[in-house]
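Hi,

Here is the structure I promised to pass on.

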Amino acid sequence: MEEAGRMATTYHFNCLLSCQATCGIPEVAFATFENMIYGQEYMKPDTDTYNWLIQAYTRAESSDRVQDVAHLLGMMVEDYKRVQPNVKTYALLVECFTKYCSIREAIRHFRALIRIEGGIKVLYNEGNHGDPLSLYLRALCREGRIVDLLEALEAMAKENMPIPARAMILSQKYRTMVSSWIEPMQTEADVGYEIDYIARYIEEGGLTGERKRWVPREGKMSLDPDVAGFVYKNPLETSFRQQCLETWRRYHRKVLRALRRRGPSLLGDATEADYVRVVEWLFHVLKRPNKNALKPKAASKMLVPELMEELEAQGLPTDGTRSVLYQRVQKARRINRSRNKPLWVPPVQEQEEEIDEEVEALIARVRLEEGNTEFWRQRFLGECLEPELQRSTDIEVEATNVSDDNTDAAEDSGKQADDDEADKEEVGEQTEIQAGDTEAVKDKETAANPLQMIGVQLFKDDNAPVKSKKSVKRLARIAAMENDDDEEWLPLDILDALKELRDRKIFDTEDMYTIADAWGWTWEMEIRNSPPRRWSQEWEVEMAVKLMRKVIDLGGRPTIGDCAIILRAAIRAPYPSAFLDILGTTHSLGYVFGSPLYDEVISLCLDLGELDAAIAIVADLETSGITVPDETLDRVIQARQTTRTNVNGTSL
């Protein structure tokens with residue numbers, strides 16, 4: 001084309017990049033991209049150019065490409081005045097960050113993707129290239145980000161997008177994304193009756209060799225079907241409770257950092273005592289747990305009751321002498337290590353932090369201003385720093401006064417010793433002056449002369465009659481160093497330093513922008529600055545019920561283990577109002593629990609005084625054709641009669 005006199009434009013380069021990206025050679029594609037960057041205006045890269053290059057790096061089968069994609073993303077953001085992303089850009093970025101397990105970045109770009117019509121279908125891409133939509137849903141489930149998972153499912157429902165089969169993959173404990181994030185995660189659900197494991201083994205193809213092995217043979221690759229699609233390995237499993245706790249700590253860590261940097265003015269009109277109280281509380285709740293508490297005790301140092309407890313927790317026999325129990329524990333640990341399973345540790349009852357409502361109210365006043373470019377631009381201009389600096393300095397002085405109270409006696413004794421030494425020196429000076437006036441005159445002359453650097457004193461020789469050229473140059477260089485006014489030096493005061501930066505135009509406020517400013521993410525600042533919600537068992541049950549209903553609406557089918565796990569979580573809460581919803585959904589799917597589980601639920605409702613809930617559960621069981629034991633019916637009838645008697649007696 002160039003030999004014929006026709007120059008290649010952006011369109012022609014994009015056609016070339018499409019071939020290079022499809023062939024999976026990102027290095028050659030990036031060389032073409034560099035030619036476009038340094039070329040004429042008619043060949044500058046556009047959105048499609050970045051899309052082809054991101055696709056080449058994302059779907060390359062060699063090396064770690066997420067850093068290259070991040071580099072391209074930065075270049076695209078810097079050129080935001082000319083290039084803006086489209087739906088394909090966001091879909092490719094979500095695919096890349098999901099495959100490399102950078103889930104937090106994937107969530108940010110997914111929120112931008114769902115605000116474009118048809119974005120979910122572009123991400124799904126008919127299940128090609130590893131089924132990015134399913135990988136995203138599985139990654140959210142495995143990391144315990146259930147709020148974001150519900151947001152993704154709601155976006156799929158708006159576009160009438162059914163849930164992919166890859167997203168509903170079963171875990172080793174026969175749990176799907178509906179309940180695999182609820183603790184305990186490594187246990188199979190108790191459905192109220194004994195499971196026929198032999199029948200299930202035959203049904204899964206154990207006799208024909210079609211059944212998949214979760215534990216690989218020695219030297220073989222992992223057979224976990226959930227690994228397929230991710231570049232290295234699927235994300236580590238994290239419960240919803242652990243994720244909430246980590247998010248809560250991360251937010252309060254930012255609050256503590258902001259308080260230490262910006263001072264007590266961040267709390268509004270709070271007193272200095274309130275500021276100290278908030279900081280101490282944050283230090284207390286953010287302390288790291290003891291790592292040794294999560295390690296199992298050496299079997300050789302364990303007593304017989306401890307050995308029996310570990311064996312019983314894993315379903316192993318507990319009979320025999322201590323040596324037999326010791327060998328059994330060692331063998332169980334070796335098996336768990338070979339299967340990459342965590343070793344059993346004694347359950348540690350975690351003490352919940354006491355909620356101080358006054359401190360929580362003070363922390364609610366804090367505005368982190370993350371992503372608020374206008375706020376940080378004003379701080380750079382020095383418009384809101386003076387009150388913060390003044391108040392923080394006062395508190396630091398008071399804090400030092402308080403902290404130095406314990407050392408007053410030591411300092412007083414030290415000052416007294418210094419005064420004694422000073423008195424001795426004064427006496428010695430008087431005797432020297434009396435001994436000779438010449439030395440006193442010299443001392444006065446020395447005191448009158450200003451202090452100089454040691455290097456200047458060494459090079460300076462007043463008695464030398466002749467000075468060489470080399471010594472003159474050295475003295476001139478030293479004098480220049482003394483009077484050096486280097487332009488790179490900045491004042492120590494922060495306000496003066498910021499003013500100096502503005503005057504020299506070292507940094508321009510127009511360069512202060514984030515990806516949210518460049519691409520119009522108006523929702524980003526509110527999400528990042530909103531305080532996270534504390535975990536509670538009731539909230540976990542509510543999220544599980546919502547997730548189960550949403551999965552059913554999208555064409556998914558939870559297992560009976562999912563329903564049992566959610567019901568157990570509601571029992572632990574306890575949350576009687578959710579019992580009927582869970583049981584009704586379970587029966588609508590065609591599942592039936594064992595009679596002991598129903599008896600436990602009804603008995604718990606009666607013990608809690610929730611008679612209406614117990615009656616509703618019994619009515620639902622009879623409607624579903626499930627036989628209710630006579631003993632359970634008698635307890636419900638007796639409780640109802642007792643309630644009526646109490647009401648009648650009260651009315652009389």
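How much space lies in the second largest pocket? About 920 Å³. The model is a predicted one, where local features need pLDDT of at least 70, side-chain atom pairs count only at pLDDT 80 or more, and totals for chains, interfaces and linings use all residues. Residues are numbered from 1 along each chain as its sequence is written, and side-chain values use heavy atoms, with hydrogens and water left out.

Back to that pocket (an open set of points on a 1 Å grid over the protein atoms alone, where a 1.4 Å probe fits, with protein on both sides within 12 Å along at least five of seven lines; lining residues have an atom within 4 Å of a point). It is lined by 28 residues, and Arg111, Arg145, Asp148, Thr247 and Ile527 are the closest to its centre. Helix 11 (240-262) is among the helices that each supply at least two lining residues, and helix 11 gives the most, with seven. Helices here are DSSP runs (H or I, at least four residues), numbered from the N terminus.

Elsewhere, Tyr201 sits in helix 10 (residues 197-203). Tyrosine 201 counts as partly exposed because its relative accessibility is 37%, and histidine 12, in helix 1 (residues 10-23), is partly exposed too, at 23%. Partly exposed means between buried (under 20% relative accessible area) and exposed (over 50%), with a 1.4 Å probe and protein chains only. Histidine 12 is 31 residues from methionine 43 in sequence, with 8.7 Å between their C-alpha atoms.

Cheers

Methods. Points joined across faces, edges and corners; volume = space filled by probe spheres on them.
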